[in-house]
Amino acid sequence: MRIIEVEDITITLISQLLELWEDSVKATHLFLSNEEINNIKEYVPQAISGVSHVVIIENESHQPIAFMGIEDTKLEMLFIKNSERGKGLGKQLLNYGIENYNVNELAVNEQNPNAKEFYEYMGFKTYKRTEVDEQGNPYPILYMRLER
């Protein structure tokens with residue numbers, strides 16, 4: 001396994017990351033229906049292409065098994081293939097983002113307690129909460145900052 005900073009976001013890579021995203025979301029975002037996941041999925045390629053930095057972890061077969069997107073010092077997304085969860089990949093990616101991009105802020109769905117606990121374990125603390133997500137849907141968002 002190795003961490004790679006993506007230089008060129010190709011259609012093939014976006015397709016691979018979209019598949020990884022869907023696998024991860026179906027395993028972790030249990031508050032979303034399949035219809036909601038499919039609706040959100042339409043915007044994911046644009047979101048991936050729209051961040052300044054995409055960093056992936058690929059397996060021995062050169063397939064992405066985890067990725068994150070960073071804009072300025074904010075973690076915009078972090079997803080891990082469900083079969084690879086619990087192996088420290090999230091910690092590797094987040095530490096990489098903190099060390100190389102000074103990541104110190106993120107937002108997480110309150111209804112994804114495992115992610116919230118992970119970010120707290122990594123030193124992030126909630127500083128703000130909203131009742132709805134960025135699209136106005138009834139999914140509370142926690143805004144977190146790194147406290148050292």
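This short talk describes the sheet, the helices packed on it and the nonpolar cores of one predicted model.

Residues are numbered from 1 along each chain as its sequence is written. In this predicted model, local features need pLDDT of at least 70 and side-chain atom pairs count only at pLDDT 80 or more, whereas totals for chains, interfaces and linings use all residues; side-chain values use heavy atoms, without hydrogens and water.

Let me begin with the sheet. Helices (H or I, at least four residues) and strands (E, at least two) are DSSP runs, numbered from the N terminus. Two strands pair if DSSP finds at least two bridges between them. The sheet is open, with 7 strands in the order β1-β2-β3-β4-β5-β7-β6 and mixed pairing. Its edge strands, β1 (2–5) and β6 (124–130), each pair on one side only.

Within the sheet, β2 (residues 53–58) and β3 (residues 64–71) run antiparallel and are joined by 6 bridges. Val 55 has Met 68 of β3 as its bridge partner.

Helix α4 (residues 89–101) packs on this sheet, and the strands in contact with α4 (heavy atoms within 4.5 Å) include β3 and β4.

I turn now to the cores. A nonpolar core is a set of buried (under 20% relative accessible area, 1.4 Å probe, protein chains only) Ala, Val, Leu, Ile, Met, Phe, Trp, Tyr and Cys residues joined through side-chain atoms within 4.5 Å. The largest has 25 residues, and Met 68 and Leu 94 are among those with the most contacts inside it. Helix α4 gives the largest share of this core, 6 residues. A second, separate core of 19 residues includes Leu 13, Leu 17, Leu 20 and Phe 79.

Terms used:
Axes fitted to C-alpha atoms, helices over the stretch in contact; angles between N-to-C directions. Buried < 20%, exposed > 50% of the residue type's maximum accessible area, 1.4 Å probe, protein only.
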